[in-house]
Amino acid sequence: MTWAVVPAAGRGSRFGGERPKQYLSLAGRTLLEHSLRAVLSHDDVDGVMVALSPDDRDWPGWRDLGGKPVLTCIGGAERADSVLAGLQALPGTVSEDQWVLVHDAARPCLRALDLARLLTVGQADPVGALLAAPVRDTLKRADRVGRSQSTEPRDWLWRALTPQLFRRGGLTRALEAALRAGVRVTDEAMAMERLGLKPCLVEGSEDNIKVTTPADLALAEFILAQARA
Ligand code: CTP
Ligand code: MG
């Protein structure tokens, strides 16, 4: 049994605008609905827990999508707090050693094949796995006034994407430990790495973008249209 946790409690401050970006519409559905349907589309995924902001006014009240249960809980101040809240709110039938997928509400373009590969590789891994993409641009280190001081080697550097797949108990303890230590972890893998664990990097499609700014929304619309064609 594998459940998904979708953190959707952010404000979208870099995106701006009236309504949080997860509720913006593209290709006839909200970002959030695309993201939820994408994770629920795999046969191994039994249901989803969505972490919402306490002042969310847009949640449409789904109880199920595609025939699978959709549950909600209240998220927290940072993404990691929302993920932890989601893990804690999962049904008791999801045991400590069962796998949980964590997927950003703001990534509507997840491909079914990437999700399938992540599940296959991750479920066979002692630690767990995440979708990621190798860094392709040349990386510059800036000085304090914004001039290029040096070029960083990009070999061995990856960009972390979601979903990320870890066991419920292990991930809960890793996130709790990071929060206790006051370390602001920006993804699940980072919480595991702090404990000396090495999640498996599964190369995923670069078009699994996180919608952060208005320009990303247009790009996501294009990617979804291509995927349908
Ligand atoms: N998220 C969350 N709880 C938070 C912060 C973020 O559940 N306290 C979620 C967002 O809703 C999003 C995902 O984590 O689906 C990735 O975060 P990000 O892209 O940074 O979204 P926001 O935090 O909403 O955007 P911004 O940082 O620009 O405010
Ligand atoms: Mg954020």
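**Close-up 1. Salt bridge between Glu-96 and Arg-173.** In this predicted model, a salt bridge joins the side chains of Glu-96 and Arg-173, at 2.9 Å from N to O. Glu-96 lies in the loop between α2 (79-89) and β7 (99-102) and Arg-173 in helix α4 (residues 168-180), so the pair ties together parts that are 77 residues apart in sequence. A salt bridge is defined here as a side-chain nitrogen of Lys or Arg within 4 Å of a carboxyl oxygen of Asp or Glu; by this rule the count is 14. Helices (H or I, at least four residues) and strands (E, at least two) are DSSP runs, numbered from the N terminus. Glu-96 counts as partly exposed, at 49% relative accessibility. Buried denotes under 20% relative accessible area, exposed over 50%, and partly exposed in between (1.4 Å probe, protein chains only).

Residues are numbered from 1 along each chain as its sequence is written, and chains are lettered from A and ligands numbered from 1 in the order in which they are written. Because the model is predicted, local features need pLDDT of at least 70 and side-chain atom pairs count only at pLDDT 80 or more, while totals for chains, interfaces and linings use all residues; side-chain values use heavy atoms, with hydrogens and water left out.

Close-up 2. Arg-111 forms a salt bridge with Asp-207, with 2.5 Å between the closest N and O atoms. Arg-111 lies in the loop between β7 and α3 (112-123) and Asp-207 in the loop between β12 (200-203) and α6 (214-228), so the pair ties together parts that are 96 residues apart in sequence. Arg-111 is partly exposed at 43% relative accessibility, whereas Asp-207 is buried at 18%. A salt bridge also joins the side chains of Arg-136 and Glu-206 (2.5 Å, N to O).

**Close-up 3. The open sheet.** Eight strands follow the order β5-β6-β4-β1-β7-β11-β8-β12 in an open sheet with mixed pairing. β5 (64-65) and β12 stand at the edges, each with a single partner strand, so one side of each is left without a neighbour in the sheet. Two strands pair if DSSP finds at least two bridges between them; strands β1 (residues 2-8) and β4 (residues 45-52) pair in the parallel sense over 7 bridges.

**Close-up 4. Helix α1.** Of the 10 residues of helix α1 (residues 31-40), 9 are buried, so the helix is largely enclosed by the rest of the structure. Among them are Leu-31, Glu-33 and His-34.
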